[in-house]
Amino acid sequence: MYVNSLFLKAIFTPINWIHPAFTFDPQMKGKFLLLSLLLGLLSISHSQETFPVNGVHDDRHTVHAFVNAEIYISPEQKFDSASLVVQDGRITAVGKGIQLPKNAVIHPCNGLTIYPSFIDAYAGFNAKEKREQHPTVASNWNHAIHPEFEYQQEFPINEKTKNDWLISGFGVVNVHLRDGIMRGSSSTFHLGIDQPNKAIIRNNSIQHFSFSKGSSKQDYPSSLVGAIALIRQTLYDAQWYVQGESKEFNTSLVALNKNPKVTRIFELNHALSIRNVQGISEEFGLPFTIKATGQEYLNLDELPENASIILPLNFPKAFDIKDPFEARMISLSELKHWEAAPFCATILLEAGHNISLTRDTIKTHKEFLAALVTLNKTGMSHRDLLQSLTTNPAKILGLEKELGTLSPQKIASFFISEGHINDPTFRIVEHWNVGERVFSTPTLNTSLIGKYNLVVDGKEYEVSVRDVKNKAIKSSGFNKATKLKIAVEIENEDELLTLVLKEDSTKNLLYRLSGKISLNGTLWDGNGIDSNGAWITWAAIKDRGKPKQDTSKSEPKNDTLIRPSFLNPNKAFGVSSTQESNPSFVITNAVVWTCADTGKLERADIWIENGKIKAVGAGMLYPNDLIRLDAKGRHVTPGIIDEHSHIGLRGGVNEGAQASSAEVRMSDAIDPWNINLYRQLAGGVTAAQLLHGSANPIGGQSALIKLKWGRSASEMLIDDADGFIKFALGENVKRSNSRNNKGRFPLTRMGVEQSYVDAFTRAKEYQSLMTQSPPSKNKTVSSSPKVRRDLELDALVEILDKKRFISCHSYVQSEILMLMDVADSFDFKVNTFTHILEGYKVADKMLEHGAQASTFSDWWAYKFEVNDAIPYNAALLTKVGVNTAINSDDAEMGRRLNQEAAKTMKYGGISEEEALKMITINPAKMLHLDDRIGSIEEGKDADLVLWSDHPLSVYSHAEKTYIEGQQYFDYASQNAQQLAIQKERARITAKMMADKSSTKKPVKPKDQHEYHCDTLVEDYLTE
């Protein structure tokens, strides 16, 4: 007997229940006695609703029995010729040989398959929807943060959209408002049920996150690193808020603390953002389900173990590449992704991750179902396909006890199809949701296919039915007496037929016929009218011979796709495999520029062991089996270090919306796939400081990396390096070139000074509070600190504690002196003044303060505050005793820093060894890494460059570049690599040319952005 769950909930639970069709499992055994006494009452009252009945009350409990079907109970369990029984929205029985209720409505399903309805945990009904207005309630200060927002789906859903999703197989969808960084909660509902009270399963059970600020008009965040910092700060605020120390009411923070066990889905805009999401997850102990991009096959190592991933099937379309010149504008990475994208799901499954497929961003059911067939061709099994569309998304949404399989007592959400979901011929004929038929289309009567002897009004014709499609029945015929062809149009609905016969050449009407099918499809007969309107009789008998198959447009073979090979990164000059770890070898007979006290050594050797320099000198003995590289006539230097760079970053280099953005971390934005990393290896650069831009007085925290091309962002970061941060002075900070400053402080050089004073005053107060009540390192809300954690002030306190060091963008002497005075007043030092083109004026003061200088070689007069710049600056600073380096601040210049350093020999008479030190050991000292890199000395990292000639000559080039003893660039292999790239492009473009897609993507050139100090991006997600 069916037990009404709504009635049980009214007795045993509070009012905040969910969908009325859900069962309830009472926890108190004593209440089972009451339950048994109420069974008789329940059998009468189980269909009670709050909605009044307008008319005669219909309380029928129709039982539906679907018989003789192939039924997939779950991805692992299937029955052939089985039955499914449904009553009152639930499955009551399923299997072979089950006894059908006597009052059941029988649905014959011979030759058909029944599947559980698909579930889309990230349905794209409203992908472009935006909030109509920003809230006026007491919510978060930033309009991109609104976790309190509760999405409400409007009913009824557009009929065309609804049916297209139902015919795709989806019966349950989870929809949210796609606007903002913390987007709020979603609504999960049944498709095809127009009454919201019956359709909605759950509201407010899933929280959605992204890195996109959406429709927010506020400047902050203006970069990816800003979005990450905003999420981190908000989560720390939520931990603090729950302690009750706040003097304000904040609905956003209330929402974040409302249900700690809520499911969280994080939408990625870039595959590399996996690392960012995982960092947030580990920092706050919050698990996330990842809404992927489809490129995650390229960085599997950054995914957490057994990750829950929602994967879209928006495979890229082929390009229209008939024009060979246009085809050159398509990058190799785009070509390779077009070929590899269908394999993403299979690769993720092989890596042990839990995949849920989504129709998100796919416009039509045809495109979606075709994608399922493509997945099958990549090796994804029928079981895995079904699991990724049913049980896996059900678990994400917390609905696995009610949906996802066709087990007894679960909600009757299923569809009936012709064929299997991985077949090209797959077609849904009926969709049932909560026991109601919500979609149906006529079943294709393929038994019509054959040859018929047709007699009409005494005349004989032969009619052939070649194929039965959804929209048409392909048929033809001829007059047996005259052998003249006739055009035949046939329509079929159940057992009824209509035929229209026309002369093939003139299209003149011959007959219009109507009749029925009988004798198992072997006999057609009925009545009709001829071209004169006279009534006639007709009949057709099916020929028992096998009909010829229609080969005009046969279905493509279900061939298995061959998985392509991948590069790392998967683009031009990517490496095919990870290099051997810590090789051992010796470079012999080289001119070695040690950049140390030993100076330049002629015909010397360098012994590299396990990535370190074991020995350097002449006349050393080595093991016989040690690999030797004869460098006779060539030069070896330490790897070049660029103290000021912006290469290898994504999502913007400036978070310039506020005077201080000390909370942002450039390490969050490292792009290991950026081709400039490889190009600078070709110029001998092995390490760099990736800096925030100069849009505000206090910028973001730096990232110190080694340019390990082919490695991940985490592997590029230099372990245990000191923390650095970017400060800035001058025109960029005070918005000299901005017509719309939006009222942001500061707008003058005087205001810049006050920004520093204010920031460090607040930092000292914060430091004092933290000393009195240090923050807990535990990640649970219950143990969060009573002092509000402030990420901006954390970084500034690190400066005060001499744990983080300043690299300051600067030009004018007055401002350089000002910042040193501010630093002295707060008892910290400015580590490095970068650019510092007026440094020669204040070199003595810098030496006294303890500041270092990282400058350009010969840049001047490119803006007003550079008018006093001179090319002798580096030499003058060096002669005073200030540790001086030459930096790039430019992706192109970073590839020729050796030539930039050589200019100091012309301008100022610097020796060649001192010039080379300006791009090796001197910047290493600035970055506090001189104990590890910057010179060729025993025990240091084997970061080396083998040059073809004198390393400061314009005629010299880097032949080999090593980082920790591993070769990351080889000049000799460039021709072979270029040829390999050419062949790979040709192979894929030939494959793309053969693609039969009806619509191909036009080729459009893409702008490749390179960041500088003053770069401000319009949309950081496109960078």
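Tutor: One term before we start: contact means heavy atoms within 4.5 Å. Also keep in mind that this is a predicted model.

Student: Okay. Leaving aside neighbours within four places in sequence, what is L707 in contact with?
Tutor: L707 is in contact with I647, L677, Q680, L681, V685, T686, A687, A688, I963 and Y968, with neighbours within four places in sequence left aside.

Student: And which residues touch the most other members of the largest nonpolar core?
Tutor: L707 is one of them, along with F118, F211, L357, F368 and L372. That core has 159 residues.

Student: Which helix gives the most to this core?
Tutor: Helix α6, residues 224-241, with 11 residues. As background, nonpolar side chains tend to be buried together in soluble globular proteins.

Student: What other core lies apart from it?
Tutor: Another core, of 41 residues, lies apart. Its members include A662, L729, Y756 and A759.

Student: Y756 again, then. Which residues in α17 meet α19?
Tutor: Y756 is on that list, with R749, V752, E753 and V757. On the α19 side they meet E815, M818, L819 and V822.

Student: At what angle do α17 and α19 pack?
Tutor: About 20 degrees, with the axes 10 Å apart. Helix α17 covers residues 749-772. The two helices are therefore roughly parallel to each other.

Student: Is their crossing left-handed or right-handed?
Tutor: The crossing of α17 and α19 is right-handed.

Student: Switching to strands. What is the order in the six-strand sheet?
Tutor: β32-β34-β35-β36-β37-β38. The sheet is open, and the pairing is mixed.

Student: Which strands stand at the edges?
Tutor: β32 (698-701) and β38 (884-886). Each has a single partner strand, so one side of each is left without a neighbour in the sheet. Neighbouring strands here are turned by 25 degrees against each other on average, direction ignored.

Student: In what sense do β34 and β35 pair?
Tutor: In the parallel sense, over six bridges. β34 is residues 723-728 and β35 is residues 804-810.

Student: Which strands does helix α18 touch?
Tutor: α18, residues 791-800, packs on the sheet and touches β32, β34 and β35. Its direction makes about 100 degrees with that of β35. Helix α19 (residues 813-825) packs on the sheet too, touching β34, β35 and β36 (832-835). The direction of α19 makes about 160 degrees with that of β36.

Student: What about the three-strand sheet, what order is that?
Tutor: β30-β31-β33, open, with mixed pairing. β30 (640-645) and β33 (703-706) are the edge strands; each has a single partner, so one side of each lacks a neighbour in the sheet. On average, neighbouring strands are turned by 15 degrees against each other, direction ignored.

Student: How many bridges join β31 to β33?
Tutor: Four, and the strands run antiparallel. β31 is residues 685-690. A688 has I705 as its bridge partner in β33.

Student: Last one. Where is I670 found?
Tutor: In the loop between β30 and α15 (675-681).

Student: Is I670 buried or exposed?
Tutor: Buried, because its relative accessible area is 2% and the cut-off for buried is under 20%. Beyond its neighbours within four places in sequence, I670 is in contact with G648, L649, R650, L690, A703, I705, A713, M716 and L717.

Methods
Residues are numbered from 1 along each chain as its sequence is written. This is a predicted model: local features need pLDDT of at least 70, side-chain atom pairs count only at pLDDT 80 or more; totals for chains, interfaces and linings use all residues. Side-chain values use heavy atoms; hydrogens and water are left out. Two strands pair if DSSP finds at least two bridges between them. Axes are lines fitted to C-alpha atoms, for helices over the stretch in contact, and angles run from 0 to 180 degrees between N-to-C directions. A nonpolar core is a set of buried Ala, Val, Leu, Ile, Met, Phe, Trp, Tyr and Cys residues joined through side-chain atoms within 4.5 Å. Buried means under 20% relative accessible area, exposed over 50%, partly exposed in between (1.4 Å probe, protein chains only). Angles under 35 degrees count as roughly parallel, over 145 as roughly antiparallel, 65 to 115 as roughly perpendicular and the rest as oblique. A crossing is left-handed if the near helix is turned anticlockwise from the far one by less than a right angle, and right-handed if clockwise.
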